Amino acid sequence: MKPSHSNRLIDSTSPYLLQHAHNPVNWYPWGPEALNRATNENKPILVSIGYSACHWCHVMERESFENDAIAEIMNEYFICIKVDREERPDVDQLYMDAVQAMGKQGGWPLNVFLTPEQQPFFGGTYFPPQQWEHLLEKIHQAWFEKQAEINQSANRLAERLGLSDIDKFGLKPGEDPEDIRQWIDQLAQDILSEVDWEKGGMNRAPKFPMPVIWDFLLDYSLLQKNQQATEAVKLVLNQMAYGGIYDQLGGGFSRYSVDADWFAPHFEKMLYDNAQLLSLYSKAYRTEGNEEYKRIITETLNWLEREMKSPEGGYYAALDADSEGVEGLFYTWSAAELKSLLGNQYAVFAQYYQIEEHGNFEGRNILFPQKSIKVFEETVPNASAIIENCHHKLWEIRNERSRPATDDKILAAWNGLLLKGLADAWLVSQRQKDKDNAIALGAFISGKMIKEDGSLWRSFKNGHGSIEAFLEDYAAVIEGFIHLYQITFNEKWLLQSEQLTKYVLQNFAQKDSPYLNFTNILHHDLIVQKAEFFDNVIPASNSIMAFNLYYLGTALDRPDWTKRAWEMLSYTRKIADQNAQYIANWSRLWLFKLHPSPEIICLGEQALQHGIQWQLDYLPNQIIQASIHNSTLPLFYGKTLKNEQSTIFVCLNNQCQSPVNELKQAKSQLKSLIP
């Protein structure tokens, strides 16, 4: 006999919560109804956190949350709350910190037990069903017999969680190093010492792309003229491009590789990874001119437009790893299948992609070239044409397969990252549709996700927004609008960035530091307020905002904003020596402290073309503005045409060179200022 249940997830917009809407568990979404019931009934809360593309989240659901007997225990003893970490990153961050503070490895699914006051006292990740059932009984017994002790312990942990990173690590504002150049060199060397110089990436497994690290090293290599950093970036980009982590047939990157070789991915594709990798490969192409990078960019753009773009112009969050209940089934092939489909071209295809008779991955084959087709063709004549023909055949067959599920919520933060990625990528592809997609995304965010009061929605689905945005949403959207301005020179995007920044400073500011809280003070419902400090798979929201304040402070003549950016940066001095990899985005800002940004101002009929052409070569720290007519932006003040022709002004440290009419002349001026 099935237990009676009342699952309250059916009205959710999150695909992850909807996946659990028919479990026999009495799930609640995070909110006052569940929290009040826990208080009224004096029951512990079970918070189970995951996301739709999480393989082990699905496994635990099948094994435990769809099990009637286990569900009955959960319903009897606990108030059960399901959280989509992508909709509520604040809840996820808080309780992930709690589990790690308990000395355990974090990950998803994340299962945490709380007192009715939301204070955590036990947690972990995936549990097999028998272990989970036993744990539920033990927790219930402990709550019944030792509630006072649990509350006391939970109070101590909550106090610890309430410490900001500034307090936890004893961070204080510091003076600039006596020799910033030498200090940054040491930061870079600390990171470079951890590089896997054989296989690319950081020297560990599993391997995550971590674009923020390579962004720093790329900027460092250019501004500090460091060849070792250049080689580290090229190596990781090449290895990922020829690895199983990249979808060799359809474009786009998986979230990470479970091994050190970039071979076997967890097959989910996340928007935030691909957004950042678009930017990284684009900047690397503009630096190196490697045509393979352009191929990766183009294929990833095509995948995003084909599979991730919503009719409204926003982009979906993720693609699942599984189809038909099997991880990677959509992307992998049996040798017999390939032989049947490819005929006499199979031998070349199998050699290039390292196909094995019994499979190179759980009985099937991941396409794993490890080298470019040009290199392969040196020993196998006509390989390019053969491989291209095979791709066409396999593409048609793969499109007929059962597809992985799409997490079709549209998240402001990830779309902001993608807006930057699309802008950077268009500078490489120069395809009109890619620029149109970037503009359409900007219009979608502006029209659908920004509310009348100037605040943002976190998530958009089914025609409306939901959940109040977090700092990472504002930071990424502001950054995205800045980059959209730089490929359109439509000033509305820059002014939109300015308005959102004003909102952030008013509603996210901390009282005792220049840092910004992760949650809006108007919509805070957790036991602590946290400020995100460390860069990870996505840069910290505070480091992105520091960049925004630096850029907008310069571009809009807001010295108070620039000053705040430097104040935020100053707190990173102490932590840099121990955690260089986790302040990589902050370290990029240190580079800009050492190498002040040149301001390139283009005016006149050819201004927009000049502004775009200038950016085709990547220089990390430049600020570019362009206007056909007189602009009210501060950097245009006092600037007029020379000889009635389109004019370019090159300025540095509040001093401008003589205005010139030719791009080549302006480039020479900049080279004399920055050799």
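**Group meeting: cavities, rings and a few buried residues**

Hi everyone, let's start with the largest cavity, which has a volume of about 400 Å³. Please keep in mind that what you see on the screen is a predicted model. Searching the whole structure turns up 8 cavities of 30 Å³ or more. In the largest cavity, 24 residues make up the lining, and those closest to the centre are His483, Gln486, Arg588, Pro620 and Gln622.

Which elements supply the lining? At least two residues each come from α12 (271–288), α18 (412–429), α20 (471–488), α22, α25 (584–594) and β17 (623–627). By residue type, the lining of this cavity divides into 11 nonpolar, 7 polar and 6 charged.

Is Gly416 buried or exposed? Its relative accessibility is 0%, so Gly416 counts as buried. Now look across to Ala476: the two C-alpha atoms are 4.6 Å apart, although 60 residues separate Gly416 and Ala476 along the chain. Leaving out residues up to four places away in sequence, Gly416 touches Ile445, Ala476, Val477 and Gly480.

Next, please move to helix α22, which covers residues 541–555 and contains Ser541. With a relative accessible area of 0%, Ser541 is buried. What does the side chain of Ser541 meet in there? There is a polar contact of 2.8 Å between the side chains of Ser541 and Glu532.

Ser12 lies in the segment before α1 (15–19). Ser12 has a relative accessible area of 16%, and since the cut-off for buried is under 20%, Ser12 is buried. Not counting residues up to four places away in sequence, Ser12 touches Leu17 and Leu18.

Now for the aromatic rings. The count comes to 39 aromatic pairs. Take Tyr246 and Phe253: their ring centres are 4.8 Å apart and the planes meet at 55 degrees, so this pair is tilted. Tyr246 is buried at a relative accessible area of 1%, and Phe253 counts as buried at 1% relative accessibility.

Then there is the pair of Tyr515 and Tyr571, which is edge-to-face, with 5.4 Å from centre to centre and 85 degrees between the planes. Where do these two tyrosines sit? Tyr515 is in the loop between α21 (491–507) and α22, while Tyr571 is in the loop between α23 (559–570) and α24 (573–576); at 56 residues apart, the pair links distant parts of the chain. Tyr515 counts as buried at 1% relative accessibility, and Tyr571 counts as buried at 9%.

One more stop, for anyone who likes to colour rings: Trp27, Phe65, Tyr77, Phe78, Phe113, Phe122, Phe127 and Trp132 are joined by ring pairs into a cluster.

Definitions and conventions
Residues are numbered from 1 along each chain as its sequence is written. This is a predicted model: local features need pLDDT of at least 70, side-chain atom pairs count only at pLDDT 80 or more; totals for chains, interfaces and linings use all residues. Side-chain values use heavy atoms; hydrogens and water are left out. Helices (H or I, at least four residues) and strands (E, at least two) are DSSP runs, numbered from the N terminus. Buried means under 20% relative accessible area, exposed over 50%, partly exposed in between (1.4 Å probe, protein chains only). A polar contact is a pair of N or O atoms within 3.5 Å; within protein, one must be able to donate a hydrogen and the other to accept it, and residues adjacent in sequence count only if both atoms are side-chain atoms. On a 1 Å grid over the protein atoms alone, a cavity is a set of points where a 1.4 Å probe fits but cannot get out, and a pocket is an open set with protein on both sides within 12 Å along at least five of seven lines; lining residues have an atom within 4 Å of a point. Grid points are joined across faces, edges and corners, and a volume is the space filled by probe spheres set on the points. Ala, Val, Leu, Ile, Met, Phe, Trp, Tyr, Cys and Pro count as nonpolar, Asp, Glu, Lys and Arg as charged, and the others, Gly among them, as polar. Contact means heavy atoms within 4.5 Å. Rings of Phe, Tyr and Trp (its six-membered ring) pair if their centres lie within 6.5 Å; planes under 30 degrees apart count as stacked, over 60 as edge-to-face and the rest as tilted.
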